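Subject: The structure, and what I found in it

Hello,

Here is the structure I promised to send over. Please have a look at it first, and then read on for my notes.

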Amino acid sequence: MMHPTHKQLFEITEEQLETGLRGYPVGYCVTSTVDPIKGLFYLEKPISELAHLRPEEVIYFLTTGSLEKGSDFDNFCVQLMQRSSLSPRIRDYICSLPREVHPMKLLVMALEILGGIEGENRYPEDCLNVIAKMPELVATIINYHAGWGETPHSKPELGYMENFAHMLNVPKLKHSEKFTEVLKIFNILHYDHGGGNLSAFVGKAVASGLEDMYGSLAAAMCALAGPRHGRANQDALDFVKSIHDQVRDQEDADEVEQVVRDRLSHGGLVFGFGHAVLRAEDSRATVLYDVAKKFFPKNSLVKTALFLRERGPVVLKENPKIQNPYPNVDAISGTLLCAAGFDFPEYFTVLFGLSRIVGIARQIVYERCEARGGKGTPIVRPKYLFKSNRSR
Ligand code: MLT
């Protein structure tokens, strides 16, 4: 039997062009991996084993590979606390940005401002600094954009995400303890998703030109802001709500199934299902469904999301072209935030960004300072084939 040569294995055919680089190995990811069936692993640990730890423990794990809670970990937590405050000048700049834009645009601008003024142009230092400052940065952006008043003084001693919850002036919050718990889990689940998700890839590509950490992360957040990537959680909640509102009997799974089928047959879209890599239910979604069932079993939106989890794949499987009919993390994350009292979908993607910065920043440190024996990866420069007007 003839084995394909190395060259033949990697020869690119025409059908493989313009497919979003799906599946092409381009480098190493030291933080996480995504198995099509088993889902997300941070290093070698499945996400289900990490989701209920403290966010600081998981950030430390992604940074050092250790889950030990000795003096090094304590020192890491002190570093996070000491570096967490935003200077009044940065806060003032953020609070003079235009309020009519989407909050993700504010996040992008805020990162550039922070980096321009306080960036050290050293990837590892900036990595820790930006991770430490993100809770106050994002709380300031949300409070300002939403008109929820001045951001309370930071209390980093409360804990990384506890402090974020304390600084968010969410109006009429009924379940504040559960909200904090949901925020912590949401935060941990969204740190990283392999090396090739769009925001991580863009952040690393921009850093490969030796742009600093903050500019690279600002570019990554532009990538995250698109509705096919991070903003999908906002659209997925709208979808769950619209199904919820169309169904007459909220206890009837058959009716949910019928509404989804009718929607698809009328050319409507289904949000929160499918994924570029996954071919089974997203393991992050599995964690969040369990939390939703535990914390908010009677919430009618949660019930709709659970019926969608069960019946969405049944309907989607009727279309043989759909490769993955199963729910991804967005199918439940927005519903859970909403059930916890945070019914403000416009801010869901900045919550995603607050988290994803952790994985991207760490991946940038690897590519810039550790890869190829410390030399770092070269500037990203793929080849595009010329196509003339005539052949388009
Ligand atoms: C993510 O978390 O980045 C998304 O699931 C998208 C992806 O992995 O490509």
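Which domains does the domain assignment of the protein give? There is domain 1, made of 32–227 + 348–374, and domain 2, covering 232–339; the bounds come from an automatic or database domain assignment.

Before the details, a word on the ground rules. This is a predicted model, in which local features need pLDDT of at least 70 and side-chain atom pairs count only at pLDDT 80 or more, while totals for chains, interfaces and linings use all residues. Residues are numbered from 1 along each chain as its sequence is written, and side-chain values use heavy atoms, with hydrogens and water left out.

**The two domains and the whole chain**

The centres of domain 1 and domain 2, taken over C-alpha atoms, are separated by 27 Å. To the contact between them, domain 1 gives 30 residues and domain 2 gives 23 residues; contact means heavy atoms within 4.5 Å.

The protein has 16 helices and 3 strands. These are DSSP runs numbered from the N terminus, with helices being H or I of at least four residues and strands E of at least two. The C-alpha trace spans about 65 × 55 × 45 Å along its principal axes. The radius of gyration is 22 Å, which agrees with the value near 21 Å that a compact globule of 392 residues would have. That radius is taken over C-alpha atoms, and the globule rule is 2.2 Å times the number of residues to the power 0.38.

Of the 392 residues, 51% count as buried. Here buried means under 20% relative accessible area, exposed means over 50%, and partly exposed is in between (1.4 Å probe, protein chains only). Among contacts with a separation of 6 or more, 72% are between residues 24 or more positions apart. The accessible surface comes to about 19,400 Å², and carbon and sulfur atoms hold 53% of it; these areas come from the Shrake-Rupley method with a 1.4 Å probe, and for residues only the protein chains shown count as cover.

As for charge, the mean positions of the 45 positive and 48 negative charges lie 4 Å apart. Lys and Arg count as positive and Asp and Glu as negative, with His and the chain ends not counted. Each charge is placed at NZ of Lys, CZ of Arg, CG of Asp or CD of Glu.

**Helix 9 and helix 6**

Helix 9 covers residues 198–208, and its buried residues are Ser-199, Ala-200, Gly-203, Lys-204, Ala-207 and Ser-208. An α-helix has 3.6 residues a turn, so residues three or four places apart point the same way. The buried residues of helix 9 pack against helix 6 (123–146), helix 10 (213–224) and helix 16 (348–370).

In helix 6 you will find His-145, which counts as buried because its relative accessibility is 9%. Leaving aside neighbours within four places in sequence, His-145 is in contact with Arg-99, Val-101, His-102, Pro-103, Leu-106, Glu-346 and Tyr-347. Ser-32 is 113 residues away from His-145 along the chain, and their C-alpha atoms are separated by 33 Å.

**Positive phi values**

Most residues other than glycine have a negative phi. Where are the positive values that I noted? One is at Leu-210, which follows helix 9 and has a phi near 70°. Another is at Leu-21, with phi near 55°. Leu-21 sits in the loop between helix 1 and strand 1 and is partly exposed, with a relative accessible area of 47%.

Arg-372 has a positive phi too, of about 50°, and is found in the segment after helix 16. Not counting residues up to four places away in sequence, Arg-372 touches Thr-377 and Pro-378.

**Two more residues to look at**

Is Glu-18 buried or exposed? Glu-18 is exposed, because its relative accessible area is 78%. Its place is the loop between helix 1 (6–9) and strand 1 (32–35).

Val-314, in helix 14 (residues 300–316), is partly exposed at 38% relative accessibility. Val-314 and Pro-325 are 11 residues apart in sequence, with 8.0 Å between their C-alpha atoms.

Best wishes
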